[in-house]
Amino acid sequence: MLTRGELVARLRAAGCVLAEREADLLLAEGRGRRWLADAVAARAGGTPLEQVLGWAGFAGHRWRVRPGVFVPRRRSERLVAVALGLPRPALAVDVCCGSGALGGALARALAGSPGPPLELRACDVDPVAVACARENLTALAGPRLSVGVHRGDLLDALPARLRGRVDLLLAVVPYVPRDAVALLPPEFRDHEPRRALDGGPDGLDVLRRLAGQAPSWLAPGGHLVTEVGAPQAPAATAVLRGAGLAVRTEPAAGPADPDDPDDPDDPVLVATVPSPP
């Protein structure tokens, strides 16, 4: 069995910036010498740690992550925090859900609090992501939480009967500008679906399509909560306002992951369907 020191040295030699933390997580799995050797080789080869472990930590919970599924970023916990400051939703949708961690984190945070039961829907175009999200979210279902996971393109994936009823859309859509995808770390660029990263020439193509759909799916006073890169915020705000939504920006308070100084402090945008007078 590799010692912690040997494991840290191998991970550091492979370019893992947080080698000590990663070594501790791998050792804590306790899956035996063979698994550990294979895991170190995979991680050294660039496989994201979360895919090596089979889970990602997000909002205080471990979410199943399958190979090829977008790994939830700790910075996106800010979207959940912002959403919890809005009126409690009766119907929420996690758009481009990946593993379903965003919607699941919201459901867990609302569990046991007063208010109506939550209907949580999640959707993604990738069948592997849909299967992963279904596994994560159905485990949360109960008397005060109903869950549905759907495959399809953005909100077209949802049952038509939900149109005009959605109180909250949580959306981490692809927003990396196309020319910048090649500059991403290999663990993202080579091991996550390109369509989960590539947002088109300026990174806002998917957001434009979602902005065009959102007003007809949101209830009056309903909210779309999303994130973009800081340089994209003015253009993204214009896109959402052009769709008839009122927009405010929730500036980030600093890195969401205190162990990762490179975690960007990207803003969260809250776009709202105006309520009738």
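How many nonpolar, polar and charged residues are there in the lining of the second largest pocket? Hold that question for a minute. First, the whole protein.

Please keep in mind that this is a predicted model. The protein has 11 helices and 9 strands. Its radius of gyration is 19 Å, close to the 19 Å that the globule rule gives for 277 residues, so the protein is as compact as a globular protein of that length. Along the principal axes, the C-alpha trace spans about 65 × 45 × 35 Å. Of the 277 residues, 50% count as buried. Now the contacts. Take those with a separation of 6 or more: 71% of them are between residues 24 or more positions apart.

Back to the pocket. The answer by class is 8 nonpolar, 2 polar and 3 charged residues. Which helix gives the most to the lining? Helix α6, residues 101-110, with 3 residues. The space in this second largest pocket is about 160 Å³.

Next, helix α2. This helix runs over residues 19-28, and A19, E22, A23 and L26 are buried in it. Where do these residues sit around the helix? Looking down the axis of α2, the buried residues fall within an arc of 100°, so they line one face of the helix. What do they pack against? Three helices are listed here: α1 (4-13), α3 (33-44) and α4 (49-53). Just after α2 comes G30, with a positive phi of about 60°.

Last stop, R64. You will find R64 in strand β2, residues 61-64. Is R64 buried or partly exposed? The relative accessibility of R64 is 35%, and the partly exposed class lies between under 20% for buried and over 50% for exposed. So R64 counts as partly exposed. Which residues does R64 touch, if we leave aside neighbours within four places in sequence? R64 is in contact with G54, W55, S99, C132, E135 and N136. One distance to finish on R64. A81 is 17 residues away along the chain, and the C-alpha atoms of R64 and A81 are separated by 21 Å.

Terms used:
Residues are numbered from 1 along each chain as its sequence is written. This is a predicted model: local features need pLDDT of at least 70, side-chain atom pairs count only at pLDDT 80 or more; totals for chains, interfaces and linings use all residues. Side-chain values use heavy atoms; hydrogens and water are left out. On a 1 Å grid over the protein atoms alone, a cavity is a set of points where a 1.4 Å probe fits but cannot get out, and a pocket is an open set with protein on both sides within 12 Å along at least five of seven lines; lining residues have an atom within 4 Å of a point. Grid points are joined across faces, edges and corners, and a volume is the space filled by probe spheres set on the points. Helices (H or I, at least four residues) and strands (E, at least two) are DSSP runs, numbered from the N terminus. Ala, Val, Leu, Ile, Met, Phe, Trp, Tyr, Cys and Pro count as nonpolar, Asp, Glu, Lys and Arg as charged, and the others, Gly among them, as polar. Buried means under 20% relative accessible area, exposed over 50%, partly exposed in between (1.4 Å probe, protein chains only). The arc is that of the directions from the helix axis to the C-beta atoms. Contact means heavy atoms within 4.5 Å. The radius of gyration is taken over C-alpha atoms; the globule rule is 2.2 Å times the number of residues to the power 0.38.
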